[in-house]
Amino acid sequence: MSKINDLVPQNARKIIGKSSKLLPLSSHDILKTLKGEKVIIMACNARIKQVVPGIMRAAKELDAVIAFELAKSEGNLKGGYTGMNPSFYAKTVFDYAEKEKFYLPFFIHGDHVTTKSPATDVVEDSRALIKAELEAGYTSIAVDASFNPNHDNVKISADLGKHALDAGAGLEVEVGEILSTGVEARITSVQDAVEFLQELIEDKKIHPDFLAINNGAKHGNYKPGEEVHIDLKRTEEIHKAINKWGVVIAQHGITGTPLHLMGQFADCGIMKGNVATNWQNIALANMPKDLMDTMKKWVADNKLDIKFVTKEFKLNEKNDLPAENLRKMEDEAYKSAKEFITAFRSKGTASKVINTL
């Protein structure tokens, strides 16, 4: 085990301590041991922290590599709508991992470091967040400049992505903007993906591990009657076209997708699956009734999405929730995580990574 401990990136090692048995590895190192395997790593946007122990318990039982992540909107320097800045989130994950004796490989990912313009102030805002995430112990970064024309996307992704690579972290980039439910966007073409990666890798010398694409998935809860449309044919075509660079696909917007389809996702080159709103739904469904009633009223009065209660009611600072509610959250998160891990075919991936590295 000592050899794999040596692979913990320096910034993460500073945070967890020299003697810690935790294995927050670079997503790059994890991925290189699993390439060629038709498996998906479950990446959990744990917006409400109380679900984390259940997720870890499921991963331990199934011997699975997992990831924890927050997007820029969820957990930026000011805390986003979860109230968790990078330091708070990383410490939360590390503290739970120590408590649960979660000594399997995992990574902490800066999801969707959204950069909507090449303007200096916009890029510098993202640069500051990435630096803070890396210093907090994150071991993987997603630069999302997909809102920009292809050339600007490449330029921004190369500029910001270099910070992740220089720190020994993994890198995800995105081509084709992934929108919220109820909003239509153009599906990423094979040409989009190839031209983007060719310029990024061959011209800019920045080699990402994951490519996020728009294949029809959406972020958030699907509305009643709204169908899930994920174009797996296009996904597989893109996978085959970019496989020469060793880049695999990250799938966003999985909440609401029938689990029996997940095997097909893995067959099409998807190796990272982001699961976000699912955990929020579990946490909120098991909050004390009086608190939940108060939060629902606040949402109705302010005409906001339910996700905004997380920061407003300081859910990630609550350490005094009733034991029964915490147990229900953990148990439901554990059950759901087991279902995702099984559907993602990632059972046994932790031992595979440990034995290979």
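Which residues is Asn274 in contact with, leaving aside its neighbours within four places in sequence?

View 1. Asn274 is in contact with Ala43, Asn45, Glu69, Asp111, Gln251, His252, Gly253 and Ile254, leaving aside neighbours within four places in sequence; contact means heavy atoms within 4.5 Å. Asn274 lies in strand β9, residues 270-275. Helices (H or I, at least four residues) and strands (E, at least two) are DSSP runs numbered from the N terminus. With a relative accessible area of 5%, Asn274 is buried (buried is under 20%, exposed over 50%, partly exposed in between, with a 1.4 Å probe and protein chains only). C-alpha to C-alpha, Asn274 and His163 are 23 Å apart in space and 111 residues apart in sequence.

**View 2. The largest nonpolar core.** This core has 115 residues, and those with the most contacts inside it are Met42, Ile55, Phe68, Leu211, Trp279 and Met287. Helix α14 (residues 323-343) gives the most to the core, with seven residues. A nonpolar core is a set of buried Ala, Val, Leu, Ile, Met, Phe, Trp, Tyr and Cys residues joined through side-chain atoms within 4.5 Å. Not counting residues up to four places away in sequence, Leu211 touches Val173, Glu174, Val175, Ala193, Phe196, Leu197, Ile242, Val247, Val248, Ile249 and Ala250.

**View 3. Packing of helix α5 with helix α6.** The axes of α5 (residues 86-99) and α6 (residues 120-136) come within 8 Å and cross at roughly 25°; axes are lines fitted to C-alpha atoms over the stretch in contact, with angles from 0 to 180 degrees between N-to-C directions. The two helices are therefore roughly parallel to each other (under 35 degrees; over 145 is roughly antiparallel, 65 to 115 roughly perpendicular and the rest oblique). Pro86, Ser87, Ala90 and Phe94 in α5 meet Leu129, Ala132, Glu133 and Ala136 in α6.

**View 4. Positive phi at Lys303 and Arg345.** Most residues other than glycine have a negative phi. Phi of Lys303 is near 50°, and that of Arg345 is about 60°. Lys303 lies in the loop between α12 (289-302) and α13 (309-312) and is exposed, with a relative accessible area of 74%. Arg345 is found in the loop between α14 and α15 (349-356) and is partly exposed, at 34%.

**Notes.** Residues are numbered from 1 along each chain as its sequence is written, and side-chain values use heavy atoms, leaving out hydrogens and water. In this predicted model, local features need pLDDT of at least 70 and side-chain atom pairs count only at pLDDT 80 or more, while totals for chains, interfaces and linings use all residues.
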